[in-house]
Amino acid sequence: MQAPTGLLKPSSKVAVLTGAGVSAESGIPTFRSNGGYWNQHRFEDLATPEGFFSDPKFVWIWYEERRRAIAAARPNAGHEALAEMEKRVAAFTLITQNVDGLHDLAGSKNVIKLHGDIWTLRCLKCGRERVDRSELNDLPPFCACGGMLRPGVVWFGEMLPEGAMERATAAVRAADVLIVAGTSAQVYPAAGLITMARTVIEINPEATAFSDDATYSLRGTSAEILPQLLLD
Ligand code: APR
């Protein structure tokens, strides 16, 4: 699938919404597409406060497995194209549902992490947060204050980080174009951003509920199509 050319100009104001599909070509499983996490596990057991508190060790074993897999992964051509795009347009905001940090590793600067960050640990007792990329052997991990640590990610039913949706909404409303890459667009409030955009370029090998309304719905992978969108 060839992307239309000339969509992005140096004067463009661009917002991007990414999901797990953007990291698929870095070897990181998605959640709902083939082989995804929610095809093997119940999200209620792994990505809700109730699931965590009913078996913190079980949930931490899953998060630490993901941390190790992500630690071994590298950003792919899709991540790198977005980092390059940011340098070439007038305004750029990358809104991601991903917690893997691969956009940061690729060099993206203006990143809004709607669902938190798998490298951040937060103490349930004192609330202190720290970035810790080390291999966590004793699970669940504990804070120096004695409190149990949880992953610094947003679970189903939890509030998004303070101000994240406000900043994301402002960026999408101000943008000339919203690129939506690698998301099934099934989780709100993130998916709601798509209806706020004037021009939408969707990049996904599969159709989503938003494909029919997208200005351009490009059937293909993000590593293949995002580089094609760079200014020609
Ligand atoms: N390039 C682009 N898109 C891809 C690729 C690829 N190489 N491979 C798969 N996809 C698409 C799939 O077709 C699917 O539409 O990526 C999408 C991934 O959808 P999900 O697995 O539902 O992931 P996501 O949309 O990010 O989920 C949103 O749900 O479980 C929560 O917090 C979790 O942030 C996550 C949220």
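Tutor: Start with two words. Helices (H or I, at least four residues) and strands (E, at least two) are DSSP runs, numbered from the N terminus. This is a predicted model, where local features need pLDDT of at least 70, side-chain atom pairs count only at pLDDT 80 or more, and totals for chains, interfaces and linings use all residues. Residues are numbered from 1 along each chain as its sequence is written, and side-chain values use heavy atoms, with hydrogens and water left out.

Student: OK. Where is Thr208 found?

Tutor: Thr208 sits in the loop between strand 8 (200–203) and strand 9 (216–218).

Student: Is Thr208 buried or exposed?

Tutor: Buried means under 20% relative accessible area, exposed over 50%, and partly exposed in between (1.4 Å probe, protein chains only). Thr208 has 14% relative accessibility, so it counts as buried.

Student: And what is Thr208 in contact with?

Tutor: Contact means heavy atoms within 4.5 Å. Setting aside neighbours within four places in sequence, Thr208 is in contact with Thr183, Ser184 and Glu202. With Glu202 there is also a polar contact, side chain to side chain, at 2.4 Å. A polar contact is a pair of N or O atoms within 3.5 Å; within protein, one must be able to donate a hydrogen and the other to accept it, and residues adjacent in sequence count only if both atoms are side-chain atoms.

Student: Switching to Ser23. Why does Ser23 count as buried?

Tutor: Its relative accessibility is 1%, so Ser23 counts as buried. Ser23 lies in helix 1 (residues 21–24). Beyond neighbours within four places in sequence, its contacts include Ile28, Asn76 and His79. Asn98, Asp100 and Leu102 are also among the contacts of Ser23.

Student: What about helix 9? Which residues of it are buried?

Tutor: In helix 9 (residues 222–229), they are Ser222, Ala223, Ile225, Leu226 and Leu229. They pack against helix 1, helix 6 (77–88), strand 7 (177–181), strand 8 and strand 9.

Student: Zooming out, how many helices and strands are in the protein chain?

Tutor: The chain has nine helices and nine strands. Its radius of gyration is 18 Å, close to the 17 Å from the globule rule for 232 residues, so it is as compact as a globular protein of that length. That radius is taken over C-alpha atoms, and the rule is 2.2 Å times the number of residues to the power 0.38.

Student: What share of the 232 residues is buried?

Tutor: 54% of them.
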